[in-house]
Amino acid sequence: MSTVCVSDVDLVARARQGDPAAFGELVERHRMAVYRAALAALGSHADAEDAAQDAFLVAFRRLDTFRGDASFKTWLLTIAWHQAINHRRSLSRVWRRMVAPKDQEEMESVLENVAAAGPTPEGTAAHHELRREVERAIRSLSPKLRDALLLAQSGEYSYDEIGTMLGAPLGTIKWRVSEARRVVRAKLQQRGYADVR
Amino acid sequence: MSDERLDRVIDDVARQMTAGQPSSDFRARVIAGLDRRPHRVWRSLWIAAPLGTLAAAILVILVARGFSTSAPHRMQRATVDAPKREERVGGQLRDRGPERAALRPNSPTATAPSPAAPTPDTTTVRLPADATYDGPRGTRVAAAGRRQDPSGGAAAEVAALAPPPLEVLPLGVEAIGVAALPTDSIAVTQLDAVAPMSIDPLPTHEARPTGGANDEPVEHRP
């Protein structure tokens with residue numbers, strides 16, 4: 001049976017009846033949102049993929065608890081966020097970060113590759129340096145501010161969905177995003193980037 | 001740099017930090033994970049918990065054995081090892097009879113004492129400071145040197161020279177028979193009533209009686 005035009009609720013109903021293809025379609029539809037939420041929480045692609053996979057498995061086991069009050073995506077993102085936070089708190093991940101701290105380098109190389117090229121070599125170098133400083137400032141934010149900023153800027157979620165994931169009201173989420181920007185700006189200005197053109 | 005431009009850079013960097021997509025086989029791996037046992041974490045915990053408990057128990061035992069090398073344990077070991085020694089005093093073989101017989105009930109020493117091994121006594125043998133004895137493996141050791149061994153040798157010697165435990169028979173004491181005391185009441189006779197006594201007053205101007213030691217005439221001088 002085709003699942004292209006089937007709603008999430010119907011797919012959930014079929015998955016509850018033991019249809020793995022229906023759940024596979026749900027995975028295909030929401031894997032990006034789940035993965036990026038995990039990436040925002042963990043900052044590592046490998047950890048984010050593990051957390052996203054665990055989130056789908058947990059969601060499959062808890063399909064009976066989905067009542068349809070919220071959308072399936074919101075319900076799934078809540079599970080994914082909790083799984084990512086559990087990963088973030090786990091001691092094994094801390095150990096892995098201590099042993100193989102190459103996630104930061106991996107992220108920096110990605111940023112360097114995707115950075116916008118300036119008109120001159122000097123401008124390009126300055127732009128790359130600015131982006132590195134911005135990333136450092138974002139990583140040094142408190143988890144509440146950083147999570148809100150990254151989730152908001154990922155482009156995958158509405159503020160309502162972010163509020164549901166983080167368990168905070170809509171106004172609080174908006175304030176956190178604004179405050180995160182202000183703190184990053186202040187840190188950049190402390191490092192002399194206020195006058196950069 | 002204006003705040004708006006900085007905000008654009010911040011938003012752009014934040015977007016890049018969450019950019020990316022899962023691997024191409026992500027869906028297949030999730031579907032494959034559905035077939036696995038759902039509680040693999042708990043299953044691993046059920047396996048790890050007993051192993052951890054066992055490791056902790058072994059650690060506790062090792063630590064306890066490390067502490068048990070103190071004096072009481074050495075004394076106990078010396079008590080067990082002591083009967084194996086034979087001490088030669090004055091060129092005569094002395095066998096630590098009771099202890100040895102107790103540990104080796106089938107040995108000839110326990111059933112019929114040989115002439116070479118006299119009847120075991122329980123007296124304490126005090127060796128002089130310069131006495132020597134045959135140590136284990138036929139070595140001759142000075143008694144004074146044994147006292148200088150701080151690692152349990154003295155304790156072993158003390159344990160070896162200790163007399164066997166005394167057998168104390170239960171004391172059979174008969175109960176003391178006590179006759180019952182007479183319980184008759186004590187009869188007290190009533191005293192006679194005392195009759196009133198009449199006393200006559202003494203004469204006031206009566207002469208003093210004579211014949212006393214102070215009957216000398218009193219001279220009155222003017």
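From the N terminus on, the elements of chain A run α-α-α-α-α-α-α-α-α-α, giving 10 helices and zero strands. Helices (H or I, at least four residues) and strands (E, at least two) are DSSP runs, numbered from the N terminus. This is a predicted model, in which local features need pLDDT of at least 70 and side-chain atom pairs count only at pLDDT 80 or more, while totals for chains, interfaces and linings use all residues. Residues are numbered from 1 along each chain as its sequence is written, and chains are lettered from A and ligands numbered from 1 in the order in which they are written.

Of the 197 residues of chain A, 36% count as buried. Here a residue is buried if 20 or more other C-beta atoms lie within 10 Å of its own, exposed if 12 or fewer, and partly exposed in between, with C-beta atoms placed from the backbone.

Let us look at helix H10 (residues 170-190) of chain A. Which residues of H10(A) are buried? They are Ile173(A), Arg176(A), Val177(A), Ala180(A), Arg181(A), Val184(A), Arg185(A) and Leu188(A). These cover an arc of only 165 degrees around the axis, which puts them on the same side of H10(A); the arc is that of the directions from the helix axis to the C-beta atoms. On the face turned away from this buried side sit the exposed Gly171(A), Ala186(A) and Gln190(A).

| Helix | Residues | Chain |
|---|---|---|
| H7 | 121-139 | A |
| H8 | 143-153 | A |
| H9 | 159-166 | A |
| H1 | 3-17 | B |

Just after H10(A), Gly192(A) takes a positive phi of about 90 degrees.

Next comes the contact between the chains. Two residues are in contact if their C-beta atoms, placed from the backbone, lie within 7 Å. The contact takes 40 residues from chain A and 25 residues from chain B. On the side of chain A that touches chain B, H2(A) gives the most, with 10 residues. That side divides into 23 nonpolar, six polar and 11 charged residues, where Ala, Val, Leu, Ile, Met, Phe, Trp, Tyr, Cys and Pro count as nonpolar, Asp, Glu, Lys and Arg as charged, and the others, Gly among them, as polar.

Finally, meet Val34(A). Leaving aside its neighbours within four places in sequence, Val34(A) is in contact with Ala52(A), Ala55(A), Phe56(A), Leu76(A), Leu77(A) and Ala80(A).
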